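Please open the structure in the viewer and keep the selection tool at hand.

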Amino acid sequence: LIKLADRLHNMRTIQFMPQQKQRDKALETLEVYAPIAHRLGIRPIKEELEDISIAHLDPVAYKEIENLLSGNDKYRSEMLQSVKEKISERLKLDIPDVKAEFQSRVKSINGIYRKMFIQGKSFEEIYDIYAVRIITDTVANCYNILGIIHDLFRPIPNRFKDYISTPKPNMYQSLHTTVIGREGVPFEIQIRTEEMHE
């Protein structure tokens, strides 16, 4: 953890290093330190390390993605808040005793970069830039909430994954679905129990 904290500090001041050293540190950070942060479950540090690294390894692509995301901060937070409120209101009507904790996120620049420049997708083809996570108490409620989500929003065909009945090899479990809201913006919904989240 101390080495990770040191690297984060170094990356936050990377612009004061010679250019070749910036690239070397950025590459090492992407290959070594960001995966360690990911393995330790420290997502904010992982994403910050990755984003700073990409900014120095491919500044043109970084700026392009930053421009695609910029100017929409207020809209994004309002949209995600509106989605959470719609789901919460509907849950109170249909499953009054359900326990549901909401989280939301905007995909990191590195996450978008990997999809655009490594997988060759356009910005419009990335459906999980915005995501809402719902953490509930039982597996049955995961599926009940999924039904409500698909009733509230239009699901995108072939964008549903059931990692509860078929966990990933690392035992990751969650339901993932991508839907389109009234504004026409696609977003991902992840539904899991507290145990799965831990």
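The tour below visits the nonpolar cores and then the aromatic rings of this predicted model.

**First stop: the cores.** Select Ile87, Ile112, Ile149, Ile189 and Ile191, the residues with the most contacts inside the largest nonpolar core, which has 36 residues. Next, colour the elements that each supply at least two residues of this core: the helices α4 (59-69), α5 (73-94), α6 (109-118) and α7 (139-152), and the strands β2 (130-136), β4 (175-180) and β5 (186-193). Another core, of 11 residues, lies apart from this one; Leu8, Tyr33, Ala34 and Ala37 are among its members.

**Second stop: Ile112.** Which residues does Ile112 touch, not counting residues up to four places away in sequence? Display Ile65, Leu69, Lys107, Phe123, Ile126 and Ile129 to see them.

The whole structure contains 3 aromatic pairs. Select Phe153 and Phe187, which form an edge-to-face pair at 5.2 Å centre to centre, with 85° between the planes. Phe153 belongs to the loop between α7 and β3 (154-162), whereas Phe187 is in strand β5, 34 residues apart. Phe153 counts as buried because its relative accessibility is 6%, and Phe187 is also buried, at 1%.

Now select Tyr163 and Tyr172, another edge-to-face pair, with 5.9 Å between centres and 70° between the planes. Tyr163 is buried at 18% relative accessibility, while Tyr172 is partly exposed at 24%.

**Last stop: Lys168.** Lys168 lies over the face of Tyr163, 4.9 Å from the ring centre, and over the face of Tyr172, at 5.0 Å from the ring centre.

Terms used:
Residues numbered from 1 in each chain as written. Predicted model: local features only at pLDDT ≥ 70, side-chain atom pairs only at ≥ 80, totals over all residues. Heavy atoms only, no water. Core = buried A, V, L, I, M, F, W, Y, C linked by side-chain atoms within 4.5 Å. Buried < 20%, exposed > 50% of the residue type's maximum accessible area, 1.4 Å probe, protein only. Helix = DSSP H or I, 4+ residues; strand = E, 2+ residues; numbered from the N terminus. Contact = heavy atoms within 4.5 Å. Phe/Tyr/Trp six-rings, centres within 6.5 Å; stacked < 30°, edge-to-face > 60°. Lys NZ or Arg CZ within 6 Å of the ring centre and 35° of its normal.
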